[in-house]
Amino acid sequence: MRKILMLVSMILMMSLIGGNSASAEGNTYDRIYMITVDRFLNNNTSNDVGVTEDGDPYQPYGGDFDGISPYLEYIKDMGFNTVMLSPVTERAEDDYLGYDVTDYGAIAESYGSQEDFKNLIDEAHEFGLKVVVDMPAVATDDYTAAENPVLNEVQTDYYEDIDREIIDLTDADNQNTYSEMVQNFVDTYEVDGISMFVNQEGLDASEFLPEDVATYGILSEEGLTAEGFDTIATEEFRSNFADTFGGIEKEIPEFPEDEQLIMADHWFSERFTYHAAEQNMFPGTRVQQMANYLYAYRGPSAMTYGTEVAFNGSSYPEIHPQMDFRSDKEVIEYLENIAVVYRNHDIMQAEETEIETILNEGGQYLVRYFTDDVDYVLNINNTAETKSVTLDQTAEEEGKVYSGMLIGDMIRPHDSSYIAVLDREETELYSIIEEAGFNNGYLYSAILIFGLFAIFVWVAAKRSRKNKAARMNNK
């Protein structure tokens, strides 16, 4: 009987595997989860440094590497393939964010040992996650300071609090010293990338960052420019993106064509939820809409820790609260569900895939993905009312339907047109597939499974009757 059950299970599994129209080994582009190490989880109190009994928000809370490791699977399940950590080098005891550097050559004692850091990286790699570390540009005794750094409001408050200056990375001596320091860090810990907040105009990362590691530049203020990074996040796009998805009825920014890094917030900005609160919108729905845009984007994207539980705030240090793992799980579950869809259809992110904007008007955004396998249409309705759009059926679409994968809508052609209807503040991703009757593979598997199950029931009944007769004869 056990063999029959095992056979039934194997057949069912094979039929399910065979039914997938697209396989996935992960997104082509980085999907980054940004973690402020001290604010994530204190899982080892023995390395606490500077932690106060009253939980002073300007002081460390005790988060450490041991607090991140148990949540690597949680991060991956939400659709991320990269973890970006706040600075991990040794810092002043009363600094929680990591930019008050005291020793670029040492790992912060309060986060754990060098071995703990290496273990975290190894564990992340086992989950298929890359590890990027943000590298400060704070002037220690080895560097001269920039005369007029460009700081946003949050950075200004923070750097005044820690009383530190920014390295002048246009100076040749500083560039050489800094490059050597970063190279040593990369070689020692084998991290997958280095990120940096840019606070000077016109920096060229190739002059002070190694060539053999991925580099991410985050421009702190509008108008700043930089080059030499593998990807750059601009403040212009971030602020517009956060404001747009923080509310409704606003024209959605077109997907950037230059594969820049996009995000709604970061360690030195107001929280994304702040925009939703200012516009009297429900934060959970806002995060869901924003996340679909991030996941569907053909380029790297990032989300700051706590966005999934709608952390709020606009100034330092309220924008860096302790991570709350006991909050409402509705948004987290939504992210996990859509992550499966985007992961299973990562051909959307393939280099040969092309996209075309179908509609972008007043909060409704439709984009078509042309792939070598199946075409897709992303439909974002970021408005206060149900929206309908009519799409003419092409010759290549004859016999095909629009199959919704996020909500489950199925659109069949009517008079050579597809009419896509979407409720307010919802997003749907359609795959354009052949409309077929019964799937023969499923049909044959079902017949075989039910046949084997019938045999199982018959054999079990026969054995039961035989055992009953034997008991009667023994009486």
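1. The buried residues of helix 7 pack against strand 3 (89-91), strand 4 (101-107), helix 5 (114-126), strand 5 (130-134) and strand 6 (193-198). Buried means under 20% relative accessible area, exposed over 50%, partly exposed in between (1.4 Å probe, protein chains only); contact means heavy atoms within 4.5 Å. Helices (H or I, at least four residues) and strands (E, at least two) are DSSP runs, numbered from the N terminus.

2. Some ground rules: this is a predicted model, where local features need pLDDT of at least 70, side-chain atom pairs count only at pLDDT 80 or more, and totals for chains, interfaces and linings use all residues. Residues are numbered from 1 along each chain as its sequence is written, and side-chain values use heavy atoms, with hydrogens and water left out.

3. Back to helix 7: Asn174, Gln175, Tyr178, Met181, Val182, Phe185, Val186 and Tyr189 are its buried residues. They sit on the same side of the helix, because they cover an arc of only 140 degrees around the axis (taken from the directions from the helix axis to the C-beta atoms). Asp173, Asn176 and Glu180, on the other side, are exposed.

4. As for the ends, a side-chain oxygen of aspartate 171 comes within 3.1 Å of the backbone nitrogen of aspartate 173 at the start of helix 7. Glutamate 190, which follows the helix, has a positive phi, near 55 degrees.

5. Elsewhere, glutamate 318 is in the loop between strand 12 (301-304) and helix 11 (330-344). Its relative accessible area is 41%, so glutamate 318 counts as partly exposed. Proline 57 is 261 residues away in sequence, yet 7.4 Å away in space, C-alpha to C-alpha.

Technical notes: A polar contact is a pair of N or O atoms within 3.5 Å; within protein, one must be able to donate a hydrogen and the other to accept it, and residues adjacent in sequence count only if both atoms are side-chain atoms.
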